[in-house]
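Dear colleague,

I am handing over a structure for you to look through, and below it I have written down what was found. Please keep the structure open beside the text while you read.

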Amino acid sequence: MAGKKAAALPRKSYEQELLRLQTELVKLQEWVRATGTRLVVVFEGRDAAGKGGTIKRVAEHLNPRVARIAALPKPTERERTQWYFQRYIEQLPAAGEIVLFDRSWYNRAGVEHVMGFCTKEEHQLFLRQCPIFERMLVEAGVLLRKYWFSVSDTEQQERFRKRLEDPLRRWKLSPMDLESITHWEAYSRAKDEMLVHTDISEAPWYVVESDDKRRARLNMIAHLLSSVPYHEVPPPVLELPERPPSTGYQRSPRDLQTYVPDHAASL
(Lines give C-alpha, C1' and ligand atoms only; values in the text may rest on other atoms or scores of the structure.)
Protein backbone atom coordinates (compact mmCIF):
# COMPACT_ATOMS: atom_id res chain seq x y z
CA MET A 1 0.00 0.00 0.00
CA ALA A 2 1.48 3.32 -1.05
CA GLY A 3 1.80 6.26 1.29
CA LYS A 4 1.50 6.41 5.06
CA LYS A 5 0.74 3.16 6.81
CA ALA A 6 -2.76 3.02 8.27
CA ALA A 7 -3.08 2.99 12.04
CA ALA A 8 -3.63 -0.36 13.69
CA LEU A 9 -7.29 -1.26 13.94
CA PRO A 10 -8.45 -1.34 17.59
CA ARG A 11 -9.41 -4.81 18.75
CA LYS A 12 -12.87 -3.75 19.96
CA SER A 13 -13.75 -2.16 16.61
CA TYR A 14 -12.38 -5.20 14.80
CA GLU A 15 -14.34 -7.71 16.86
CA GLN A 16 -17.60 -5.76 16.57
CA GLU A 17 -17.35 -5.45 12.79
CA LEU A 18 -16.18 -9.05 12.40
CA LEU A 19 -19.26 -10.28 14.26
CA ARG A 20 -21.50 -8.16 12.06
CA LEU A 21 -19.86 -9.49 8.90
CA GLN A 22 -20.00 -13.08 10.14
CA THR A 23 -23.72 -12.62 10.76
CA GLU A 24 -24.05 -11.53 7.13
CA LEU A 25 -22.04 -14.59 6.05
CA VAL A 26 -24.64 -16.79 7.73
CA LYS A 27 -27.34 -14.98 5.73
CA LEU A 28 -25.26 -15.53 2.60
CA GLN A 29 -24.98 -19.22 3.45
CA GLU A 30 -28.74 -19.58 3.83
CA TRP A 31 -29.29 -17.78 0.51
CA VAL A 32 -26.81 -20.14 -1.19
CA ARG A 33 -28.61 -23.14 0.25
CA ALA A 34 -32.10 -21.89 -0.58
CA THR A 35 -31.29 -20.85 -4.15
CA GLY A 36 -29.02 -23.76 -5.05
CA THR A 37 -26.13 -21.40 -5.78
CA ARG A 38 -22.61 -22.77 -6.16
CA LEU A 39 -19.99 -20.44 -4.66
CA VAL A 40 -16.22 -20.92 -4.94
CA VAL A 41 -13.80 -18.63 -3.10
CA VAL A 42 -10.09 -18.96 -3.89
CA PHE A 43 -7.55 -17.78 -1.30
CA GLU A 44 -4.03 -17.30 -2.64
CA GLY A 45 -0.96 -15.31 -1.65
CA ARG A 46 2.49 -15.61 -0.20
CA ASP A 47 3.28 -17.82 2.76
CA ALA A 48 2.20 -16.19 6.06
CA ALA A 49 0.08 -13.64 4.19
CA GLY A 50 -2.95 -14.32 6.39
CA LYS A 51 -5.00 -16.65 4.19
CA GLY A 52 -5.55 -19.31 6.86
CA GLY A 53 -6.68 -16.85 9.53
CA THR A 54 -9.13 -15.23 7.15
CA ILE A 55 -10.56 -18.58 6.04
CA LYS A 56 -11.00 -19.51 9.69
CA ARG A 57 -13.05 -16.35 10.33
CA VAL A 58 -15.13 -16.84 7.20
CA ALA A 59 -16.02 -20.43 8.08
CA GLU A 60 -16.25 -20.01 11.86
CA HIS A 61 -20.06 -19.78 12.15
CA LEU A 62 -21.06 -21.49 8.92
CA ASN A 63 -22.66 -24.91 8.61
CA PRO A 64 -19.90 -27.37 7.58
CA ARG A 65 -22.50 -29.28 5.56
CA VAL A 66 -22.93 -26.18 3.39
CA ALA A 67 -19.54 -24.49 3.52
CA ARG A 68 -16.32 -26.52 3.50
CA ILE A 69 -12.63 -25.82 3.18
CA ALA A 70 -10.63 -27.51 0.43
CA ALA A 71 -6.94 -27.65 1.37
CA LEU A 72 -5.43 -30.37 -0.79
CA PRO A 73 -2.12 -32.05 0.08
CA LYS A 74 0.55 -32.63 -2.54
CA PRO A 75 -0.73 -34.84 -5.36
CA THR A 76 -0.36 -38.61 -5.23
CA GLU A 77 1.52 -40.51 -7.91
CA ARG A 78 -1.80 -41.32 -9.59
CA GLU A 79 -2.94 -37.70 -9.47
CA ARG A 80 0.30 -36.61 -11.09
CA THR A 81 -0.75 -38.52 -14.22
CA GLN A 82 -4.17 -36.85 -14.38
CA TRP A 83 -5.12 -33.66 -16.18
CA TYR A 84 -3.83 -30.96 -13.84
CA PHE A 85 -7.25 -29.48 -12.99
CA GLN A 86 -8.87 -32.89 -12.41
CA ARG A 87 -8.39 -33.23 -8.67
CA TYR A 88 -9.62 -29.68 -8.10
CA ILE A 89 -12.76 -30.32 -10.13
CA GLU A 90 -13.65 -33.08 -7.65
CA GLN A 91 -13.74 -30.43 -4.91
CA LEU A 92 -16.15 -28.06 -6.67
CA PRO A 93 -19.52 -27.42 -5.00
CA ALA A 94 -22.86 -28.93 -5.87
CA ALA A 95 -26.04 -26.84 -5.69
CA GLY A 96 -26.40 -25.04 -2.38
CA GLU A 97 -22.74 -25.37 -1.37
CA ILE A 98 -19.78 -23.09 -0.70
CA VAL A 99 -16.17 -24.21 -1.14
CA LEU A 100 -13.27 -22.18 0.27
CA PHE A 101 -10.01 -23.12 -1.46
CA ASP A 102 -7.05 -22.74 0.90
CA ARG A 103 -4.71 -22.56 -2.08
CA SER A 104 -5.98 -23.97 -5.31
CA TRP A 105 -5.07 -24.83 -8.89
CA TYR A 106 -2.87 -21.73 -8.75
CA ASN A 107 -0.19 -23.82 -7.04
CA ARG A 108 1.11 -24.43 -10.55
CA ALA A 109 1.54 -20.71 -11.17
CA GLY A 110 3.38 -20.21 -7.87
CA VAL A 111 5.23 -22.76 -5.81
CA GLU A 112 5.36 -25.48 -8.48
CA HIS A 113 6.77 -23.08 -11.03
CA VAL A 114 9.24 -21.31 -8.73
CA MET A 115 10.51 -24.45 -7.01
CA GLY A 116 10.74 -26.51 -10.20
CA PHE A 117 8.01 -29.00 -9.33
CA CYS A 118 6.61 -28.66 -12.84
CA THR A 119 8.23 -28.17 -16.21
CA LYS A 120 8.25 -24.89 -18.11
CA GLU A 121 5.91 -26.48 -20.63
CA GLU A 122 3.47 -27.51 -17.90
CA HIS A 123 3.56 -24.00 -16.47
CA GLN A 124 2.87 -22.39 -19.84
CA LEU A 125 0.06 -24.86 -20.51
CA PHE A 126 -1.50 -23.93 -17.19
CA LEU A 127 -1.42 -20.22 -18.01
CA ARG A 128 -3.18 -20.93 -21.32
CA GLN A 129 -5.78 -23.33 -19.92
CA CYS A 130 -6.61 -21.64 -16.62
CA PRO A 131 -8.64 -18.75 -18.11
CA ILE A 132 -10.54 -21.25 -20.26
CA PHE A 133 -11.20 -23.47 -17.24
CA GLU A 134 -12.47 -20.55 -15.16
CA ARG A 135 -14.66 -19.22 -17.95
CA MET A 136 -16.23 -22.66 -18.16
CA LEU A 137 -17.00 -22.55 -14.43
CA VAL A 138 -18.57 -19.12 -14.67
CA GLU A 139 -20.56 -20.02 -17.79
CA ALA A 140 -21.89 -23.07 -15.93
CA GLY A 141 -23.27 -20.75 -13.23
CA VAL A 142 -20.55 -21.07 -10.57
CA LEU A 143 -19.87 -17.86 -8.61
CA LEU A 144 -16.06 -17.64 -8.57
CA ARG A 145 -14.21 -15.15 -6.38
CA LYS A 146 -10.39 -14.99 -6.28
CA TYR A 147 -8.41 -13.17 -3.57
CA TRP A 148 -4.67 -12.57 -3.52
CA PHE A 149 -3.28 -11.73 -0.06
CA SER A 150 -0.35 -9.35 -0.42
CA VAL A 151 2.20 -9.10 2.40
CA SER A 152 5.47 -7.19 2.54
CA ASP A 153 8.80 -8.96 2.88
CA THR A 154 9.47 -7.42 6.30
CA GLU A 155 6.07 -8.43 7.67
CA GLN A 156 6.40 -11.95 6.29
CA GLN A 157 9.81 -12.28 7.95
CA GLU A 158 8.37 -11.17 11.28
CA ARG A 159 5.49 -13.65 11.05
CA PHE A 160 7.90 -16.46 10.26
CA ARG A 161 9.95 -15.49 13.32
CA LYS A 162 6.88 -15.56 15.55
CA ARG A 163 5.85 -18.97 14.22
CA LEU A 164 9.31 -20.31 14.91
CA GLU A 165 9.14 -19.17 18.54
CA ASP A 166 5.50 -20.10 19.28
CA PRO A 167 4.94 -23.82 20.04
CA LEU A 168 1.23 -23.46 19.14
CA ARG A 169 2.06 -22.13 15.67
CA ARG A 170 5.33 -23.90 14.98
CA TRP A 171 3.52 -26.47 12.82
CA LYS A 172 2.60 -23.68 10.38
CA LEU A 173 6.26 -23.20 9.45
CA SER A 174 7.67 -25.65 6.90
CA PRO A 175 10.99 -25.86 5.06
CA MET A 176 9.08 -24.77 1.94
CA ASP A 177 7.96 -21.61 3.75
CA LEU A 178 11.56 -20.73 4.52
CA GLU A 179 12.48 -21.30 0.88
CA SER A 180 10.06 -18.52 -0.02
CA ILE A 181 12.38 -16.03 1.73
CA THR A 182 15.29 -16.75 -0.58
CA HIS A 183 12.98 -16.87 -3.62
CA TRP A 184 11.11 -13.64 -2.88
CA GLU A 185 11.75 -12.02 -6.25
CA ALA A 186 11.08 -15.23 -8.16
CA TYR A 187 7.68 -15.49 -6.48
CA SER A 188 7.02 -11.83 -7.31
CA ARG A 189 7.75 -12.42 -11.00
CA ALA A 190 5.61 -15.58 -10.98
CA LYS A 191 2.71 -13.69 -9.41
CA ASP A 192 2.97 -10.88 -11.95
CA GLU A 193 2.95 -13.35 -14.84
CA MET A 194 0.00 -15.20 -13.31
CA LEU A 195 -2.04 -12.02 -13.05
CA VAL A 196 -1.32 -11.07 -16.66
CA HIS A 197 -2.82 -14.34 -17.89
CA THR A 198 -5.57 -15.05 -15.34
CA ASP A 199 -6.96 -11.66 -14.28
CA ILE A 200 -9.91 -12.00 -16.63
CA SER A 201 -13.17 -10.05 -16.67
CA GLU A 202 -15.24 -13.18 -15.95
CA ALA A 203 -13.12 -14.03 -12.89
CA PRO A 204 -10.94 -11.09 -11.82
CA TRP A 205 -8.34 -11.12 -9.08
CA TYR A 206 -8.94 -9.01 -5.98
CA VAL A 207 -5.81 -8.03 -4.04
CA VAL A 208 -6.05 -7.85 -0.25
CA GLU A 209 -3.40 -5.78 1.52
CA SER A 210 -2.60 -8.00 4.50
CA ASP A 211 0.22 -6.48 6.54
CA ASP A 212 -2.56 -5.72 9.06
CA LYS A 213 -4.36 -9.03 9.55
CA ARG A 214 -7.45 -7.51 11.14
CA ARG A 215 -7.98 -5.07 8.29
CA ALA A 216 -7.33 -7.80 5.74
CA ARG A 217 -9.99 -10.09 7.23
CA LEU A 218 -12.62 -7.39 7.42
CA ASN A 219 -11.85 -6.02 3.96
CA MET A 220 -11.94 -9.42 2.29
CA ILE A 221 -15.20 -10.54 3.93
CA ALA A 222 -16.89 -7.20 3.27
CA HIS A 223 -15.88 -7.36 -0.38
CA LEU A 224 -17.11 -10.93 -0.78
CA LEU A 225 -20.48 -10.00 0.68
CA SER A 226 -20.75 -6.94 -1.56
CA SER A 227 -19.98 -9.00 -4.67
CA VAL A 228 -22.77 -11.55 -4.22
CA PRO A 229 -26.43 -10.52 -4.74
CA TYR A 230 -27.72 -12.40 -1.70
CA HIS A 231 -30.67 -11.48 0.45
CA GLU A 232 -31.92 -12.67 3.81
CA VAL A 233 -33.94 -15.87 3.60
CA PRO A 234 -36.61 -16.09 6.34
CA PRO A 235 -35.81 -19.04 8.60
CA PRO A 236 -38.43 -21.73 9.18
CA VAL A 237 -40.74 -21.12 12.11
CA LEU A 238 -39.71 -23.40 14.96
CA GLU A 239 -41.37 -23.93 18.31
CA LEU A 240 -39.79 -25.67 21.27
CA PRO A 241 -42.11 -28.53 22.25
CA GLU A 242 -43.13 -29.20 25.82
CA ARG A 243 -41.21 -32.04 27.43
CA PRO A 244 -43.55 -35.03 27.84
CA PRO A 245 -44.21 -36.40 31.34
CA SER A 246 -41.93 -39.09 32.69
CA THR A 247 -42.81 -42.72 32.02
CA GLY A 248 -40.70 -44.00 34.89
CA TYR A 249 -37.26 -44.13 33.26
CA GLN A 250 -34.42 -44.36 35.78
CA ARG A 251 -30.90 -43.32 34.84
CA SER A 252 -28.37 -46.15 35.21
CA PRO A 253 -25.97 -45.97 38.20
CA ARG A 254 -22.88 -43.81 37.57
CA ASP A 255 -20.52 -46.58 38.70
CA LEU A 256 -21.56 -48.70 35.70
CA GLN A 257 -20.02 -46.15 33.28
CA THR A 258 -16.52 -44.78 32.81
CA TYR A 259 -16.40 -41.00 33.12
CA VAL A 260 -13.69 -38.59 32.01
CA PRO A 261 -11.69 -37.45 35.08
CA ASP A 262 -12.50 -33.93 36.32
CA HIS A 263 -9.27 -32.25 35.29
CA ALA A 264 -10.89 -28.83 35.71
CA ALA A 265 -11.25 -29.46 39.46
CA SER A 266 -7.45 -29.43 39.81
CA LEU A 267 -7.12 -25.87 38.50
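**What was found**

N107 is buried, with a relative accessible area of 15%, a value that falls under the 20% cut-off for that word. Please bear in mind throughout that this is a predicted model. N107 is placed in the loop between β3 and α5 (111-114), and, leaving aside its neighbours within four places in sequence, N107 is in contact with E44, Y84, Y88, E112 and H113.

One of those contacts, Y88, leads on to the aromatic rings. By the rule used for ring pairs, the count comes to 17 aromatic pairs. The rings of F43 and F149 have centres 6.1 Å apart and planes at 25 degrees, and because planes under 30 degrees apart count as stacked, this pair is stacked. Since F43 lies in strand β1 (residues 38-45) and F149 in strand β4 (residues 143-150), the pair ties together parts that are 106 residues apart in sequence. Both F43 and F149 are buried.

Y88 and F101 form an aromatic pair that is tilted, with 6.5 Å centre to centre and 55 degrees between the planes. This pair links distant parts of the chain, with Y88 in helix α4 (residues 86-89) and F101 in strand β3 (residues 97-102), 13 residues apart. Y88 is buried, with a relative accessible area of 2%, and F101 is buried as well, with a value of 0%. Y88 and F101 also belong to a cluster linked by ring pairs, whose members include W83, Y84, W105 and W205.

Rings also meet charges here. The charged end of R46 sits over the ring of W184, 3.5 Å from its centre, while R254 lies over the face of Y259, at 4.2 Å from the ring centre.

Turning to the strands, there is an open sheet of five strands in the order β2-β3-β1-β4-β5, with parallel pairing. β2 (67-70) and β5 (205-209) stand at the edges, each with a single partner strand, so one side of each is left without a neighbour in the sheet. The twist averages 20 degrees from one strand to the next. β2 and β3 pair in the parallel sense over four bridges, and A70 stands opposite F101 in β3, F101 being the residue whose ring pairs with that of Y88. Helix α2 (residues 51-59) lies across β1, β2, β3 and β4, and runs at about 155 degrees to β1.

Note on methods
Residues numbered from 1 in each chain as written. Predicted model: local features only at pLDDT ≥ 70, side-chain atom pairs only at ≥ 80, totals over all residues. Heavy atoms only, no water. Phe/Tyr/Trp six-rings, centres within 6.5 Å; stacked < 30°, edge-to-face > 60°. Helix = DSSP H or I, 4+ residues; strand = E, 2+ residues; numbered from the N terminus. Buried < 20%, exposed > 50% of the residue type's maximum accessible area, 1.4 Å probe, protein only. Lys NZ or Arg CZ within 6 Å of the ring centre and 35° of its normal. Contact = heavy atoms within 4.5 Å. Pairing = 2+ DSSP bridges. Axes fitted to C-alpha atoms, helices over the stretch in contact; angles between N-to-C directions.
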